[in-house]
Amino acid sequence: MISLRIFAKMMKERTEDIYILGIESSCDDTSAAVLQGTTMLSNVIAGQKVHEAYGGVVPELASRAHQQNIVPVIDKALKDANVVKENLSAIAFTRGPGLLGSLLVGVSFAKTFSLGLDIPLIEIDHLQAHVLAHFIQDEQWRHDPPKFPFLCLTVSGGHTQIVLVKDYFDQQIVGKTIDDAAGEAFDKTAKILGLPYPGGPVIDKLAQQGNPNAFSFPKPNISDFDYSFSGLKTSILYFLRDRLKENPNFIEQNREDLCASIQKTIVDILLKKFEKAILQYDVRDIALAGGVSANGALRTAFSELGEKRALNAHLLPFKYTTDNATMIAVSGFFKYQKGDLSEQSAKPYSRSSER
Ligand code: KG4
Ligand code: ZN
């Protein structure tokens, strides 16, 4: 229950007096950010190198690393922002979806901190926050955010969604992957090619020196606005198995061309469906979000699609593409303004369906 003292404070607060602390711990990045209104004052992210040796995120190790990182990360976020904890208006945290052990660390910390400071607690859905990253402002990025309704292509390590965004928290998923996410398609094929984890940024870099038309891979035929990426991984496996029989050095000799061709296939699959959605829904703005939206080829093709269809195409600065707490804090700001606050009983959820 929101106390009268908090309610009275919220009623008379001006936007520039609202300071939100955001906490993100859904996967393998511990992040904290402080916002004044929608303006980012600090954005601290501690990655976890420990997973590299295993070629993917190990949930138990992620949870332990979050426990080690969370206090120093929040401390640094407050210091970088030059804000004392007593000046915070509310604490926004990622409730899900994500790894339960990882989420628990952020959720428990947020609850304790809000109780200690006697300020509101605000739960945030990680995927809605990826979309709302487009409403962050910062000194290097003063911009006009997308106008409602807009279509957002959210592409991350765990999710691939086409979202019709009618309002901040009125986000309708019109298409999604039925198996692997786009980020998994990058990471799993990178693993097949013997590249380190996470493979997405490595493929992006190597692809810059390769020919995107060197090899072609079949594209899935899925109904409506849904995606499928598991078939691509299988066809790459069979393709390489046959080539390696003829030439054991095939991967080393064609690494850049393979990366460029695989990347082009993933980008083509993503944008073909997204263009179909553009034709169906009446929007003037389109947006790209999530970790894979850092991909150079995808960004270029997305902007070109905007030009082709005469739409405003919105891209995020790189620091707001992958997991970050600023997107959690900005989502928290919009919920705070609505008075949409959470209870201490809020539990993390691993899947969106458990929300
Ligand atoms: O949004 P995110 O940080 O975490 C999740 O919520 O999943 O996304 C991480 C994903 C990983 O699969 C990573 O390989 C991919 O984003 N990624 C990229 C690039 N940078 C990160 N994929 C392709 N090209 C990139 N430059
Ligand atoms: Zn994410």
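Histidine 126 and histidine 130 sit four residues apart in helix α4 (residues 126-132), so about one helical turn separates them. Helices here are DSSP runs of H or I with at least four residues, strands are runs of E with at least two, and both are numbered from the N terminus. Both histidines are buried, meaning under 20% relative accessible area, while exposed means over 50% and partly exposed lies in between (1.4 Å probe, protein chains only).

This is a predicted model, in which local features need pLDDT of at least 70 and side-chain atom pairs count only at pLDDT 80 or more, while totals for chains, interfaces and linings use all residues. Residues are numbered from 1 along each chain as its sequence is written, chains are lettered from A and ligands numbered from 1 in the order written, and side-chain values use heavy atoms, without hydrogens and water.

**An enclosed strand**

Strand β1 (residues 19-24) is largely enclosed by the rest of the structure, because six of its six residues are buried. In a regular strand, side chains alternate between the two faces of the sheet. Both faces of β1 are covered. Tyr19, Leu21 and Ile23 are buried on one side, and Ile20, Gly22 and Glu24 are buried on the other.

β1 has two partners described here. It pairs with strand β2 (residues 30-36) in the antiparallel sense, over six bridges. Two strands pair if DSSP finds at least two bridges between them. Glutamate 24 has serine 31 of β2 as its bridge partner. Five residues lie between β1 and β2, and the two form a hairpin. β1 and strand β4 (residues 90-96) run parallel and are joined by four bridges. There, glycine 22 is bridged to alanine 92.

**Backbone details in loops**

| Cis bond | Omega | Loop holding the proline |
|---|---|---|
| Phenylalanine 148 to proline 149 | about -10° | between α4 and β6 (150-155) |
| Tyrosine 197 to proline 198 | near -10° | between α5 (182-192) and α6 (199-207) |

Aspartate 118 has a positive phi, near 55°, and is not a glycine. Its loop runs between α3 (100-117) and β5 (121-125). Aspartate 118 counts as partly exposed because its relative accessibility is 38%. Aspartate 224 also is not a glycine, and its phi is positive at about 55°. Aspartate 224 lies in the loop between α6 and α7 (230-246).
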